Amino acid sequence: MADEKNENVTPETAPETVVETAVETVVETPAPKPEPIRDLADLGAATQAAAAQADGSAAPVSTAPVMTETVASEVAPVIDAQGRSYATGKRKNAIARVWIKPGSGRVNVNGRDIEIYFARPVLRMLIRQPFQAANRDGQYDVMCTVTGGGLSGQAGAVRHGISKALTCFEPALRPALKSGGFLTRDSRVVERKKYGRAKARRSFQFSKR
């Protein structure tokens, strides 16, 4: 009986039987369970790993973020048809409309010269500070109209408007003016009066009797 069984198995059929059993064992092995996805980084890594496996590449997939360099676009000057740049400045209750253009350094305020309108030297010094910070003293003519507030507030509004107009005419001057604080609107205003008090915080005179 043993000889009959050996006769039935020929050399041609023996390898096929081995191959079939090998295939069956490969199919029956369970696939490894994927790791749970907890955040977006795990999701990106799993997606990249699946794409790499589909392409047949065994190279390790790096999950490091890719840094892209952004090139800052240059800001174009804002100049009207008359060759001027316009800006609005504010300080306390004063509002100034300012136009600047290349010139000899004349400053005209409400149709009058700066020495007449702002007679106090400290106010004129305040107005010329943006030009000195940008190394443009005496290179621009200024024409402005200012309303509201007193002379101190109006001088601050003109200075704020000149600083903004300079950045419109020459955008490269913005870092120098920004570091000096000339482009920031000063938000300090007078505090309102409260009821039961003489002013914002001043109490009435106390009388004991």
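Mentor: We can begin with Arg-91, which has its place in strand β1, residues 85-91. This is a predicted model in which local features need pLDDT of at least 70, side-chain atom pairs count only at pLDDT 80 or more, and totals for chains, interfaces and linings use all residues. Residues are numbered from 1 along each chain as its sequence is written, and side-chain values use heavy atoms, with hydrogens and water left out.

Trainee: How many helices and strands does the chain have?

Mentor: Helices (H or I, at least four residues) and strands (E, at least two) are DSSP runs, numbered from the N terminus. From that end the elements run α-α-α-β-β-β-β-α-α-β-α-α. The count is 7 helices and 5 strands.

Trainee: Is Arg-91 buried or exposed?

Mentor: Buried means under 20% relative accessible area, exposed over 50%, and partly exposed in between, with a 1.4 Å probe and protein chains only. The relative accessibility of Arg-91 is 16%, so Arg-91 counts as buried.

Trainee: Which residues does Arg-91 touch, not counting residues up to four places away in sequence?

Mentor: Contact means heavy atoms within 4.5 Å. With that sequence exclusion, the list for Arg-91 is Gly-153, Gly-156, Ala-157, Arg-185, Asp-186 and Arg-188.

Trainee: Which residue meets the side chain of Arg-91 in a salt bridge?

Mentor: A salt bridge is a side-chain nitrogen of Lys or Arg within 4 Å of a carboxyl oxygen of Asp or Glu. For Arg-91 the N to O distance is 3.6 Å, and the partner is Asp-186.

Trainee: How many residues apart in sequence are the parts that this pair ties together?

Mentor: Asp-186 is partly exposed at 23% relative accessibility. Asp-186 lies in the segment after α7 (174-179) and Arg-91 in strand β1, so the parts tied together are 95 residues apart.

Trainee: What is the distance between the closest N and O atoms of Arg-201 and Glu-191?

Mentor: Arg-201 is exposed, with a relative accessible area of 62%, whereas Glu-191 is partly exposed at 39%. These two residues form a salt bridge, and the distance is 3.3 Å.

Trainee: How many salt bridges does the structure hold?

Mentor: Another pair is Asp-80 and Arg-84, at 3.2 Å, N to O. The total for the structure is 6.
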